[in-house]
Amino acid sequence: MSKLNLDLKTIETCRLHASHIATQVQNFIDINSTVSVERAVLRLLGVDDVNELGIPLVNIVVDHIKEEADISLGICHYISYAKHEYGLSPLEIAKRVSHKKLNLSKYTNKSKSAYLSNLTQYYKPEIKKIDEMKSFRESQIKLTPKTDTPEKYVIVATGNIYEDIKQAVSAAKKGAQIIAVIRSTGQSLLDYVPHGATTEGFGGTYATQENFKLMRKALDEVSLEEKRYIKLVNYASGLCMPEIAALGAIERLDMMLNDSLYGIIFRDINMQRTFVDQYFSRVLSAYANITINTGEDNYLTTSDAYDHAHTVLASQFINEQFAKKALMDESLMGLGHAYEISPDIENSFLYELAQAEMAREIFPNAPLKYMPPTKHMTGDIFMGSVQNALFNIAAVTSKQSIHLLGMMTEAIHTPFISDRAIALDNASYIEKAFKDFGNEITYNPDGIIVKRANDVLNSTQTLLQQIEDDGMFQTLEKGVFAGISRHKLGGKGLDGVFEKHKNYQNPILDYFIKSLKEANHVKS
């Protein structure tokens, strides 16, 4: 039942505009690929190693083809021909290329490969691992006691995977249901995925396959002790978005922060690169049943949360449509928003509650991710604790799904274990005290909350109409989101984008799409 009296036709119109916007971008995505997509394909063919200098073999092979052959044919063209001629596995082919004992450019002028079936024996085992991880996650979630309050989500970010594990286990024992490992600062700008366990991250810990594996193992052990499944989160974003999505699926991460707009706006990664990478990542995540978290909350760290609330809602509508293009179920769309209105504004709590309730009503099946106050945290820990308490009340009342806990020491230092324990106590108390509060209240039809939600929705419709007219690329050039302008031909990673050759083939992406369409009963 609607508490906000939102106009259903306006919501429908917003979705229609967003669908048209996503289709415009998808037309570009469908004819392009990137070096990072091709590296992800190699990883799903079992290429997982580095050379004597620590350079990933997937980078060596893709760079080799980019420099000496025609990458527009796609990596599978070359590997399938090499497999046919030499009978080697993709990993053995990669090692030969690394040692300069094999030059794949010899297959550049060959016709469309008729040997793709030779690759099935290599990617099917990787897909089987993903399938097993999906089944295990599902079985563990079934054993976990059901709750209808937001899942408490905390972060660890020591820079050392072994210290992160200690903090994550501590948080889980204190009541956390989701653990996010923050990546090392700047990793999103690396055009390769580091290899092995790492202990020297800055402001976070490197996202590597081994780190994923170590943290997952630790959380599985504490899940057994606590008799509830603890979910693991990392980032599938930046210049290696598709590769990290692949590694996360293989190592059973449960959620991935996965939003192209974040990388474009806040890391100046080229928009063409990130839209293509995001599509591959989301198809893969949809197949692996990994929940994505979108990054709308970040807009409000540079834009005013009161004046630009409609940009958040517009982005949620667009992200929803991008996810649908990737055949993602609504239950996996962790659309994001945040509690960021200045506490100096009168009735700020009512405006925040209006935004949270509006998101819940418009996206009823999405596991909404709600972010705590950061922009207006001053370092006053007492005031910060009050701000977080109000945020927690809004989260429980409006039935948010993924509830990132605020830290009273935000703006002072990376949270200590003790800070996290206080945040969990705060959230647990409010979760219990306000458990059914949202079911007990209605809003004044002529009051502040209802009016605010409807005003934001109407402004969103106007903005989406404008974005559809301008196109997504030009919208980003105009700096509509977060007040930051980026250019279609600017940013990092543009040289890694290429238009697909008429003979381009990617059997792994085709397999995921076919499986998802069959599961969702989508006609081709």
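The centres of domain 1 and domain 2 sit 35 Å apart, taken over C-alpha atoms; the domain bounds come from an automatic or database domain assignment. Domain 1 runs over 34–120 and domain 2 over 123–452. This is a predicted model, where local features need pLDDT of at least 70 and side-chain atom pairs count only at pLDDT 80 or more, while totals for chains, interfaces and linings use all residues. Residues are numbered from 1 along each chain as its sequence is written, and side-chain values use heavy atoms, with hydrogens and water left out.

**What the record says**

- An unreviewed UniProt entry carries the annotation "domain: D-Lysine 5,6-aminomutase alpha subunit" for residues 4–510. UniProt positions are given in the numbering used here, feature names are shortened, and annotations may be inferred rather than shown by experiment.
- Residues 4–510 are 51% helix and 7% strand, and the end C-alpha atoms of that span lie 42 Å apart. Helices (H or I, at least four residues) and strands (E, at least two) are DSSP runs, numbered from the N terminus.

- Domain 1 and domain 2 bury about 1600 Å² between them, with 63% of it on carbon and sulfur atoms. That buried area is the accessible area (1.4 Å probe) that two parts lose on being put together, summed over both.
- On the domain 1 side, R43, L44 and T120 supply 37% of the area buried against domain 2, more than any other three residues.
- Three salt bridges turn up across the interface of domain 1 and domain 2. A salt bridge here is a side-chain nitrogen of Lys or Arg within 4 Å of a carboxyl oxygen of Asp or Glu.

**Salt bridges, one by one**

- The count by this rule comes to 28 salt bridges.
- R252 and D220 pair up at 2.7 Å, N to O. R252 lies in the loop between α9 (241–250) and β5 (255–257) and D220 in helix α8, so this pair ties together parts that are 32 residues apart in sequence.
- Both R252 and D220 are buried (buried means under 20% relative accessible area, exposed over 50%, partly exposed in between, with a 1.4 Å probe and protein chains only).
- There's also a network: salt bridges that share partners join R39, R43, D191, E243, R273 and D277. Within it, E243 bridges to R39, with the closest N and O atoms 2.8 Å apart.
- K217 and E221 make a salt bridge at 2.9 Å, N to O. They're four residues apart in helix α8 (residues 209–226), so about one helical turn separates them. K217 is exposed at 52% relative accessible area, and E221 is partly exposed at 42%.
- K142 and E138 form a salt bridge too, with their closest N and O atoms 3.8 Å apart. These two are four residues apart in helix α6 (residues 120–143), so again about one helical turn separates them. K142 is exposed, with a relative accessible area of 61%, while E138 is partly exposed at 45%.

**A charge without a partner**

- D419 lies in helix α15 (residues 417–433). D419 is buried yet has no salt bridge, and the nearest side chain of opposite charge, R420, is 7.8 Å away. For charge, Lys and Arg count as positive and Asp and Glu as negative; His and the chain ends are not counted.
- Leaving aside residues up to four places away in sequence, D419 touches M407, M408, T409 and H413, where contact means heavy atoms within 4.5 Å.
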